[in-house]
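Open the model in your viewer and keep the selection tool ready. This tour goes stop by stop.

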Amino acid sequence: LKLNKRAEMTDKQHTSDQVERLVNTGLLNLWYPVLPSWRVHSDPVGITRLSQKIVLWRDNKGTVHAIEDRCPHRGARLSLGWNLGDRLACWYHGIEMDGDGIVVNVPAMNNASMVGKQCVSKYPVKEIEGAIFLYFGDEANPEPCDLDLPKELVGEDFSNFLCTAMWKCNYRYAVDNVMDPMHGAYLHAKSHSMAAGDKEAKMRIEDTNFGLIFEKEGQRDVNFDWVELGDTGAMWMRLSIPYRQNAGPGGVFYIVGFATPVDENHTQVFFWRTRQVSGWKRDVWRFMYRNRLEKLHWDVLEQDRLVLEVMAPDARNRELLYDHDKGLVRVRRDFKKKAEKQLAALAAIETTRTNNRTQAIAGD
């Protein structure tokens, strides 16, 4: 009974504002794509993701490293420094940091006390299908979780193209947009691939082992008719768009998407456009995409961006929702529950730490 009461007290140590801020800046203990691979060469690259300042670089073997973009000496940005291969040197005073965030050399002083200490955070890195993924953990889950991505993205018999863009809106608007299949029949009504389909539909939610599917009833394979949200170490979205016969060889045209928070007012979207093709058909599909279809897809993406970027930052607080919006309402609720759980775990760690300090003082 005492344990249950203690757990209940721990769960209540976070406020609604804390939950909202965590959801707005990005849920933790997940992998996120942060940059296309081509953006990172030997020169350090400084970025902001999940409101955290990060520097990335490639070592002499081409492996990407990511650490906090802050020199522990005076706080200068390491991304302004230079790449020494397995380490970065700060431009300000030459302090050298390795890929684990450990100070390995202070050239201006012998036997500096910071040498050998991990002084900045490191981020586990994966490169997958042309993008760099980082793991963002909290104190309760610092080690990276397993990452299992949809076969349409990582399957050997699928061919894909990565489309990524920076949008001036909170990432939650991008997620809401994808979780709304009905907007395709209106916003994208003149699209080469979304002009068909009814403008009226009944909607339903189907739970899966790792998320949910939200779809129009009885309208599969007509338009943008369904969308899936999955949580398998990363939060991804999957959908399909029926293609005309003249759109080239291959099966169903899939999109696997991610919305990575930059800060509370910006997001970087990653959309892989993918089809199941092999052999000569793969070559034909890739040629057609680059020469005919890619611009059309960018036009559709721009329509989404234009609508979302001019919405008020507090638009979610003044909505009048109806039945077609129950998918995004469910996702919002699930995000809130995840945030509450993460905050509760951190509160439990802090409670344990406080109790240990109290007991130590009492023992003295």
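This is a predicted model: local features need pLDDT of at least 70, side-chain atom pairs count only at pLDDT 80 or more; totals for chains, interfaces and linings use all residues.

**Stop one: a tilted pair**

Select Phe210. At 32% relative accessibility it counts as partly exposed, a class between buried (under 20% relative accessible area) and exposed (over 50%), with a 1.4 Å probe and protein chains only. Residues are numbered from 1 along each chain as its sequence is written, and side-chain values use heavy atoms, without hydrogens and water.

The structure holds 14 aromatic pairs. Rings of Phe, Tyr and Trp (its six-membered ring) pair if their centres lie within 6.5 Å; planes under 30 degrees apart are stacked, over 60 edge-to-face, the rest tilted. Select Phe158 and Tyr254. Their ring centres are 6.5 Å apart and their planes at 70°, so the pair is edge-to-face. Phe158 is in strand S11 and Tyr254 in strand S16, so the pair ties together parts 96 residues apart in sequence. Both residues are buried. Return to Phe210 and Trp236: with centres 5.8 Å apart and planes at 50°, the pair is tilted.

Select Phe133, Phe258, Phe270 and Trp272. Ring pairs link them into a cluster.

Now show Lys199. It lies over the face of Tyr186, 4.7 Å from the ring centre. Arg275 lies over the face of Trp285, at 5.1 Å. Such a charge has NZ of Lys or CZ of Arg within 6 Å of the ring centre and within 35 degrees of the ring normal.

Notes: Helices (H or I, at least four residues) and strands (E, at least two) are DSSP runs, numbered from the N terminus.
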